[in-house]
Amino acid sequence: MHGLINRAIQRFVTDTYGPERWAQVARSVDLGFTDFEAMLVYDNALTPRVLDAVCGDLGKPRDEVLEDIGTYLVSHPNAEALRRLLRFGGVDFVEFLHSLGDLPERARLAVPDLDLPDLELHEHAPDRFSLTVRGSRDGFGHVMMGILRSLADDYGALVLLDHRGARHEQEWIDITLIETGFAEGRDFDLGARAG
């Protein structure tokens, strides 16, 4: 598994619950180190072990932790670079949704060996969509739920999301757009440099 994914889990735990909590998780998995290197590749079996340890330590189900990680990746100041990458997808939430199919390719422009699942959006009506997460790593659809929820807030849109389940490395999310201008979105300037 790409170190960037493991590092995101580490940063989520550290930034949300503190470095002591992360050190406890690292010890319980017997990592032998405390910091994942973002640009290294780790054994694929390590990531589920780390997630299981995080879930056990927090006393939360995996789906909930994965959605919290997705939320963290968009809303925490330490993840501003990812927020910027996502916001380049459109000027409003609907444009962003239509750009999701390009997201894995855009991510590879920044990190060539990062392998994200394919995302396929289906528009059923102007306010109803579904997202298929194909080639999904265990639970990536729940990470996408957190990302979608946070990006809707970021754009000021009110949406309902429903994770419909997973089967054969695919997950499905229903997206209902209630109102595009529900609230004032967070400031975003395409021309500004990430700090």
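This is a predicted model: local features need pLDDT of at least 70, side-chain atom pairs count only at pLDDT 80 or more; totals for chains, interfaces and linings use all residues.

Student: Where do Arg 164 and Asp 174 lie?

Tutor: Arg 164 is in strand β3 (residues 158-167) and Asp 174 is in strand β4 (residues 170-179), so the pair ties together parts that are 10 residues apart in sequence. Arg 164 counts as partly exposed, at 47% relative accessibility. Asp 174 is partly exposed too, with a relative accessible area of 24%.

Student: Ok, and how many salt bridges does the count come to?

Tutor: The count comes to 12 salt bridges. One of them joins the side chains of Arg 21 and Asp 57, at 2.4 Å from N to O. Arg 21 sits in helix α2 (residues 19-29) and Asp 57 in helix α3 (residues 46-58), so this pair ties together parts that are 36 residues apart in sequence.

Student: What does Arg 21 count as, at 27% relative accessibility?

Tutor: Partly exposed. The cut-offs explain that: buried means under 20%, exposed means over 50%, and partly exposed is in between.

Student: Got it. What about Arg 134, which side chain does it meet in a salt bridge?

Tutor: That would be Glu 120, at 2.6 Å from N to O. Arg 134 belongs to strand β2 (residues 128-134) and Glu 120 to strand β1 (residues 118-125), so the link spans parts 14 residues apart in sequence. Arg 134 is partly exposed at 34% relative accessibility, and Glu 120 is partly exposed at 32%.

Student: Which residues are linked in a network of salt bridges?

Tutor: Glu 80, Arg 83, Arg 87 and Asp 154 are linked that way.

Student: New topic! Which residues touch the most other members of the largest nonpolar core?

Tutor: That core has 54 residues, and Phe 93, Leu 131, Met 144, Leu 148 and Ile 175 touch the most other members. Helix α8 (residues 140-155) gives the most to this core, with 9 residues. As general background, nonpolar side chains tend to be buried together in soluble globular proteins.

Student: And what does Phe 93 touch, not counting residues up to four places away in sequence?

Tutor: Leaving those neighbors out, Phe 93 touches Leu 148, Leu 151, Ala 152, Tyr 155, Ala 157, Val 159, Ile 175 and Leu 177.

How values were computed: Residues are numbered from 1 along each chain as its sequence is written. Side-chain values use heavy atoms; hydrogens and water are left out. A salt bridge is a side-chain nitrogen of Lys or Arg within 4 Å of a carboxyl oxygen of Asp or Glu. Helices (H or I, at least four residues) and strands (E, at least two) are DSSP runs, numbered from the N terminus. Buried means under 20% relative accessible area, exposed over 50%, partly exposed in between (1.4 Å probe, protein chains only). A nonpolar core is a set of buried Ala, Val, Leu, Ile, Met, Phe, Trp, Tyr and Cys residues joined through side-chain atoms within 4.5 Å. Contact means heavy atoms within 4.5 Å.
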